[in-house]
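Welcome, and thanks for taking a look at this model.

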Amino acid sequence: MADPSAVTVLFAAACGLLFSVGIEALIKPRPSLQRPRASWAEHAGLWLIMFGVLALLLGRPWFAVAGVSAFLLLLVLVNNAKMKSLREPFVFQDFEYFTDAITHPRLYIPFFGWARTLTATTGFVLAVLAGWWLEEAPADRVSWSGQLGGVAVVLLLGIALLGAAWRACLAVSFDPLRDMRELGLLSSLWRYGRAERAAPSLKSPFASLATAKVGSVRPHLVAVQSESFFDPRPLFAGIRPDVLAEFDRIKAAAIAHGRLAVPAWGANTVRSEFAFLSAIVESALGVHRFNPYRKAVRAGIETLASFLKRLGYRTVCVHPYPASFYARDRIFPLLGFDEFIDIDDFSGAQRCGPYVGDKAVAEKIASIVEMAKEPVFVFAITMENHGPLHLEKASEEDVARLYAEPPPAGCNDLTIYLRHLRNADDMLARLTAVLSACSRPSGLCWFGDHVPIMSEVYDAVGAPDGDTEYLVWRNASAACPADEKCIEAHSLAFIWLRAMGMVS
């Protein structure tokens, strides 16, 4: 007769595995039950291994079921919150954001919900205490004929299922919505993690640029990735047109402008950032499209910065936030930047909301350009209009100043956004004034990294298509006004260089 402790482990594993299917059914988008056998094998194998390891460590199989189920439920809740805000499911590359949520809680937890976070944390603590007190480890915990033997069977079965699935030819599209529906949560996470282990083979178009068409005087170049910058006026006719008065004026004199298709919605700034700097199309990145800084750039990729550095430019990044975020302090030297100016250089700078204001960033850029004795490339990543917008408050004065007619209910985030957008507009005017006064030829590239997260606003007035705005300007007027062109983010840097007469 089988030992009761071993039977308990096997029965608990079977119940927990069945329960995991029910938990997964709560996820958005809901996975299909008609999925490949290999993906079911990966789901079962991963669950059994997690359960087996926890049961081995704790000696309490039902507590292990509760622990693994709670973890799976947490992934479902985080996924659904991400879907609501970013229109994208949770992917393997998002796991690092759990630690970021601890070090930068304001950027993440408000979208999950402070109440939900507190409830989940309290529930987890109570579950741990209850599980530990209510279930005792059996005396034969380390006996092969008892609990240890049952755990070994579970672990071996889980490993066997993963091994069988490993050899299966399972198609992965790296479209997270499609993969979630077709593979399920655990299988898609597993496949994305496996794919990331492969060394990327990427080649930037900058690698083939041996020379550039530069005259005796190389122009100063300033690029601004403006946080969440897009033109919201088409969403609601009541927004005052002069919210972007300077943008409209400078766009009329630009040598290129239009709509910019960016590989991000609401967040994931580094996707647009990498596309601009590397000129690599998103489809070539495979799984690395979700966060190129994790693995893709570490093999060495030629970028706009390293190309300009070869031409004798001093390359500087300005970002009023800790350089360690997204590991930029380690990544940007690999991208070709000589210097990274982060939050430490903005001590005492004016803040607009919780972040350093665009005005302070504009003045920092102005000082770099005005003091430069050699050609300089400045790439600025602003922070002022970074969410979560709903943590800020709008006043009646804001509404009167920003709208020609009152907005619909639920548009508080839009009011906050417009308040910051006006400051971005002023920053644009300040930079063009500085570059206009510069004796050296100078060029400005301005673009938004993604649209802002404003779910309630979009429910009230309609959602944008996700494109942002860009413009390319130089301190010598264009011969004629430029036509508006819709382009993709990876092509913007080359359009800028061509407009400056630096590449053909």
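## Cysteines

Cys411 is buried, at 4% relative accessibility. Cys169, by contrast, has a relative accessibility of 83% and counts as exposed. Here buried means under 20% relative accessible area, exposed means over 50%, and partly exposed lies in between, with a 1.4 Å probe and protein chains only. A search of the whole structure turns up 0 disulfides, a disulfide being a pair of cysteine sulfur atoms within 2.5 Å.

Before going on, a word about the model: it is predicted, so local features need pLDDT of at least 70 and side-chain atom pairs count only at pLDDT 80 or more, while totals for chains, interfaces and linings use all residues. Residues are numbered from 1 along each chain as its sequence is written, and side-chain values use heavy atoms, with hydrogens and water left out.

## The chain as a whole

The chain has 18 helices and 10 strands. These are DSSP runs numbered from the N terminus, with helices (H or I) of at least four residues and strands (E) of at least two. Along its principal axes, the C-alpha trace spans about 90 × 55 × 45 Å.

Of the chain's 504 residues, 55% count as buried. What share of the contacts between residues at least 6 apart in sequence joins residues at least 24 apart? The figure is 78%, where contact means heavy atoms within 4.5 Å.

## Helix 2 against helix 9

Helix 2 (residues 37-58) and helix 9 (residues 185-197) have axes that come within 8 Å and cross at roughly 90°. That makes helix 2 roughly perpendicular to helix 9. The axes are lines fitted to C-alpha atoms, for helices over the stretch in contact, and angles run from 0 to 180 degrees between N-to-C directions. Angles under 35 degrees count as roughly parallel, over 145 as roughly antiparallel, 65 to 115 as roughly perpendicular, and the rest as oblique.

Helix 2 brings Ser39, Glu42, His43, Leu46, Trp47 and Met50 to the contact, and helix 9 brings Leu186, Ser187, Trp190, Arg191 and Arg194. By class, this contact has 5 nonpolar, 3 polar and 3 charged residues. Ala, Val, Leu, Ile, Met, Phe, Trp, Tyr, Cys and Pro count as nonpolar, Asp, Glu, Lys and Arg as charged, and the others, Gly among them, as polar.

## Two buried residues

Val154 sits in helix 7 (residues 147-166) and is buried, with a relative accessible area of 3%. Which residues does Val154 contact, leaving aside its neighbours within four places in sequence? They are Val9, Leu10, Ala13, Leu48, Phe51 and Gly52. Trp47, from the helix 2 contact described above, is 107 residues from Val154 in sequence and 9.9 Å away in space, C-alpha to C-alpha.

Ala279 lies in the loop between helix 11 (269-278) and helix 12 (304-310). Ala279 is also buried, with a relative accessible area of 6%. Apart from neighbours within four places in sequence, Ala279 is in contact with Pro205, Phe206, Phe274, His490 and Phe494. Between Ala279 and Thr303 there are 24 residues of sequence separation and 7.5 Å in space, C-alpha to C-alpha.

## Salt bridges

The structure holds 23 salt bridges, each a side-chain nitrogen of Lys or Arg within 4 Å of a carboxyl oxygen of Asp or Glu. One of them joins the side chains of Glu24 and Arg35 (2.8 Å, N to O). The pair links distant parts of the chain, with Glu24 in helix 1 (residues 4-24) and Arg35 in the loop between helix 1 and helix 2, 11 residues apart. Glu24 is buried at 3% relative accessibility, and Arg35 is buried at 7%.

Arg259 and Asp465 also meet through their side chains (2.8 Å, N to O). Arg259 is in strand 2 (residues 256-261), and Asp465, 206 residues apart from it, is in the loop between helix 17 (455-461) and strand 9 (468-474). Buried or exposed: which is Arg259, and which is Asp465? Arg259 counts as buried at 19% relative accessibility, whereas Asp465 counts as exposed at 54%. Finally, Lys82, Glu88, Asp94 and Arg271 are linked in a network of salt bridges.
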